[in-house]
Amino acid sequence: MVGAYGGAQAPRITGETMTISLKVNGSQRAVPADADTPLLYVLRNDLALNGAKFGCGLAQCGACTVLVDGRAVRSCITEIGTIGEAEITTIEGLGTIEKPHPLQQAFIDTQAAQCGYCINGMIMTAKDLLDRNPHPAAAEVREALAGNLCRCGTHNRIVRAVLRAAENMGKT
Ligand code: FES
Ligand code: FES
């Protein structure tokens, strides 16, 4: 069986439970779960990676965004059985407290977060953007983040943060 992101999917049936192997933040993890379990549930409930948030559960808000092979996906509707050997990156895999990713640092410096609920999804979506377009115009940042909702209305600061990160990353 081939996952939607390429590579062989290797579920193993152990008794009644299927064990699915996932590559998360550079580590191979084995998870006992059904193949149609949303990735978000596995990240939060099985792997204690709580950065991706449950917002709508319907691919409508972006709070659950993570990267799969570098592309931003809505983990709330991504079934783990479709991932195969693809690399999953969550906000926890981007940087550390001691050494934050430039995007994380820019969001801090810009004080882009209000409640913060949307921010991790914003950062992961922005990471996908900057990897493809290291010097985006403000309009391109807005377009990339258009599907990520922020109930606190901090969009302008979020766009500023992404532009600042792009600028800082261009200097290194
Ligand atoms: S929780 Fe996934 S898009 Fe809203
Ligand atoms: S900072 Fe509160 S939802 Fe965006």
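This is a predicted model: local features need pLDDT of at least 70, side-chain atom pairs count only at pLDDT 80 or more; totals for chains, interfaces and linings use all residues.
## Ala137 and its loop

Ala137 sits in the loop that links H3 to helix H4, the latter spanning 138-144. Along the chain, Ala137 and Leu163 are 26 residues apart, yet their C-alpha atoms are separated by 7.8 Å.

## Overall make-up

The protein has 172 residues, and 42% of them count as buried. Its secondary structure consists of 5 helices and 6 strands. In sequence order these elements give the pattern β-β-β-α-β-β-β-α-α-α-α.

Among contacts in the protein with a separation of 6 or more, 57% are between residues 24 or more positions apart. The accessible surface is about 8,900 Å², and carbon and sulfur atoms contribute 51% of that area.

## Helices H3 and H5

Two packed helices are described by the distance between their axes and the angle between them. For helix H3 (residues 119-132) and helix H5 (residues 155-171), the axes come within 11 Å and the crossing angle is roughly 40°. H3 is therefore oblique to H5, since an angle under 35 degrees would be needed for roughly parallel. The crossing of the two helices is right-handed.

On the H3 side, the residues that meet H5 are Ile119, Met122, Ala126 and Leu130. Their partners in H5 are Ile158, Val162, Ala165, Ala166 and Met169. An α-helix has 3.6 residues a turn, so residues three or four places apart point the same way.

## Gln104 in helix H2

Helix H2 covers residues 102-109 and includes Gln104. Gln104 counts as buried because its relative accessibility is 15%, below the 20% limit.

The side chain of Gln104 reaches the backbone nitrogen of Gly95 at 3.5 Å. Leaving aside residues up to four places away in sequence, Gln104 touches Ile91, Leu94, Gly95 and Ile123.

## Helix H1 and the residue after it

Helix H1 runs over residues 39-46, and Leu39, Leu40, Val42 and Leu43 in this helix are buried. Just after H1 comes Ala48, which has a positive phi of about 55°.

Notes
Residues are numbered from 1 along each chain as its sequence is written. Chains are lettered from A and ligands numbered from 1 in the order in which they are written. Side-chain values use heavy atoms; hydrogens and water are left out. Helices (H or I, at least four residues) and strands (E, at least two) are DSSP runs, numbered from the N terminus. Buried means under 20% relative accessible area, exposed over 50%, partly exposed in between (1.4 Å probe, protein chains only). A polar contact is a pair of N or O atoms within 3.5 Å; within protein, one must be able to donate a hydrogen and the other to accept it, and residues adjacent in sequence count only if both atoms are side-chain atoms. Contact means heavy atoms within 4.5 Å. Accessible areas come from the Shrake-Rupley method with a 1.4 Å probe; for residues, only the protein chains shown count as cover. Axes are lines fitted to C-alpha atoms, for helices over the stretch in contact, and angles run from 0 to 180 degrees between N-to-C directions. Angles under 35 degrees count as roughly parallel, over 145 as roughly antiparallel, 65 to 115 as roughly perpendicular and the rest as oblique. A crossing is left-handed if the near helix is turned anticlockwise from the far one by less than a right angle, and right-handed if clockwise.
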